Amino acid sequence: MNSTIFKFLNILWVPSILVLSGCQPQSSDVLDVKPPLSFDAGANSNIWYQSAQDSLQADFAKFEAIQNQIGSAKNVILFVGDGMSISTITAARILDGQLRGESGEENQLSFEKFPFTGFSKTYNVDAQTPDSAGTMTAMMSGVKTDAGIVGLSEEVTRGDCASSKGTEVISALELAEIAGMATGIVTTARLTHATPAATYAHSPDRDWEDVSDMPASAIAQGCMDIADQFVHLKEKIEQEYGVSVDGIDVAMGGGRRHFLPKDAAFNSPDAVSAIEGDRTDNRDLIAEWKKLYPSGQYVMDQTGFDALTTAAQLPVLGLFNESHMRYEMDRKNDVSGEPSLSEMTAKAIQLLEAKDKNKGYFLMVEAGRIDHGHHAGSAFNALHESIELSQAVAKAQASTNPNETLIIVTSDHSHVFTMAGYPKRGNPILGKVVSVGSDQEALALDDMPYTTLGYANGRGFKDLGDETDGDLAYEHPVDQGRKDLNSINTETPGYHQEALIPLESETHSGEDVGIFATGPGAHLVSGVHEQNVIFHIMNYAANLTGKATSTLPKK
Ligand SMILES: [Zn+2]
């Protein structure tokens, strides 16, 4: 042992032993040892020590803010970063800071400042590594179910309509609707995609987004496609529960193709395909929605979005793209313009807050394309989508009352996305590893440089330059393994990270994801939870089942 350290340990150790044993010092040697005046003396000038002290002081406030009564939250906003793993959050926070010229590691995304955090165990009943349908059903209904299942319990067999009878599980959004609260859905994915679908639909297969995706037997047995379930939710709830409801107040996302007939005559002005619609039953569900809600507003572009200003325009249906909405960094390429996730979030809250000041609202906001960026092997897109989610959360915080609004930010599942090597502090997060104490790119044992970010599997390396649409990776062959990155700028939008195992699409991964919460009931997220507990936290905080039950007709 180093002799200086040994002396230091002696100083700490000897007096404490004496105190513990209660005996008197015998040797004048020991008496000569002077105890330090203060263990944190001198630490005040250390920025890490002091900022941690400030952080600790700030933490005390959160315990004063705890509201432990049932129903203490008037409003609930659930943010789901689809596929937003812990490594995604870390890399996004670094990129966010670096975009402002900072080192990045010390940065915090908006929701990382929330007072309470926990972990969510994401596995499905039948799957170690889950999918978005089973996980969102868990969060929305309070029960885990199988992969691929939307709003039904594990008793159903995937793809088997007959087996779905009697397995429906009611969602937090449906309970809020019955309770007379305002309701909203915001997503950058298709409105009928697994995550948003699990807020309102019940389907034995997540892929049944419209009737053309269903087997004839399922249609004959009476199963409804997901788009149809969205448009006719109001009638369905009224029939089933004998109550009068007003339907979903705000729904914004992509996915027009599942609402329109397969007929070019129905194309929207910014249709991408020759025939935009997919429906083979000749139904125009957008027209059906307008007929059901004559005073509502259907919007499909930025101009229509911007014209939404008052609660009198509710309900609102915004379908801004034929399929998913564009990646945030690719939005400039949208033909007729489409709003960002943070713009949609702010608008939804503005309209829902204005609708009924007393009854409150339930809003689900999905950053659906973090997941798509990862699947395509584009860290650039996945991280920018995560930063946009952070901005959406910041807008939600700024426009709600923290004493009456529970805000939860979580993810449905992780991805095989890693942050590796020993890059030095401030090294560009999308760049190649430059090690601590070096100015040169670090070389692997194959004598080639390597990036900090990478994927364990997927489509692998692509160098698509300034291309901002990560999905174009699917138009290029799978290219797994190591590449010579010497002359490649890995910080460009079109760079796709290397992947070890060749797969059609990069996959989800099975480790836990984070839960971040603020507002009434937020303290309940603390701990390691099964994912379905998230429903129970929202339900307790907003008393959804209690309020819904009290509106049911008396028998
Ligand atoms: Zn996915």
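1. In this predicted model, Glu288 and Arg283 form a salt bridge whose closest N and O atoms lie 2.9 Å apart. Glu288 counts as partly exposed at 22% relative accessibility, and Arg283 is likewise assigned as partly exposed, with a value of 25%.

2. A second pairing to check is that of Arg482 and Asp446, whose side chains meet in a salt bridge with an N to O distance of 2.8 Å. This pair links distant parts of the chain, 36 residues apart, with Arg482 in the loop between strand 12 (462-463) and strand 13 (495-496) and Asp446 in the loop between strand 10 (417-419) and strand 11 (453-458). Arg482 is partly exposed at 32% relative accessibility, and Asp446 is partly exposed at 36%. Returning to the pair of the opening point, Arg283 and Glu288 belong to one network, joined by salt bridges that share partners, together with Asp225, Asp228, Arg279 and Asp281.

3. The structure holds 36 salt bridges, and one of particular interest for its setting brings together the side chains of Asp249 and Lys355 at 3.0 Å, N to O. The two residues are 106 residues apart and link distant parts of the chain, Asp249 being in the loop between helix 10 (233-241) and strand 4 (250-254) and Lys355 in helix 13 (residues 341-355). Asp249 is buried, with a relative accessible area of 3%, whereas Lys355 counts as partly exposed at 28%.

4. An unreviewed UniProt entry lists Asp82, His193, Thr195 and Glu366 under "binding site". These residues span 285 residues in sequence, yet no two of their C-alpha atoms are more than 11.4 Å apart, so they gather at one spot. Asp82 is placed in the loop between strand 1 (75-81) and helix 4 (86-99), and Glu366 in strand 7 (residues 361-367). Both are buried, Asp82 with a relative accessible area of 2% and Glu366 with one of 0%. The contacts of Asp82 include Thr195 and Glu366, and its side chain makes a polar contact of 3.2 Å with that of Ser132. Beyond its neighbours in sequence, Glu366 is in contact with residues including Val80, Val186, Thr188 and Leu341.

5. The "binding site" feature is also placed by UniProt, again in an unreviewed entry, at Asp82, Asp371, His375, Asp412, His413 and His508. Asp412 is in the loop between strand 8 (405-411) and strand 9 (414-415) and is buried, with a relative accessible area of 0%. Its side chain reaches the backbone nitrogen of Gly83 at 2.9 Å, and among the residues that Asp412 contacts are Asp82, Ser132 and Thr195.

6. The side chain of His508 reaches the backbone oxygen of Pro130 at 2.8 Å.

7. Val528 is placed in strand 17 (residues 527-530) and counts as exposed at 56% relative accessibility, in contrast to the buried Asp412, with its 0%.

Note on methods. Residues numbered from 1 in each chain as written. Predicted model: local features only at pLDDT ≥ 70, side-chain atom pairs only at ≥ 80, totals over all residues. Heavy atoms only, no water. UniProt positions renumbered as here; feature names shortened; annotations may be inferred. Helix = DSSP H or I, 4+ residues; strand = E, 2+ residues; numbered from the N terminus. Buried < 20%, exposed > 50% of the residue type's maximum accessible area, 1.4 Å probe, protein only. Contact = heavy atoms within 4.5 Å. Polar contact = N/O pair within 3.5 Å; in protein donor to acceptor, adjacent residues only side chain to side chain. Salt bridge = Lys/Arg side-chain N within 4 Å of Asp/Glu carboxyl O. Lists of a residue's contacts leave out its neighbours within four places in sequence.
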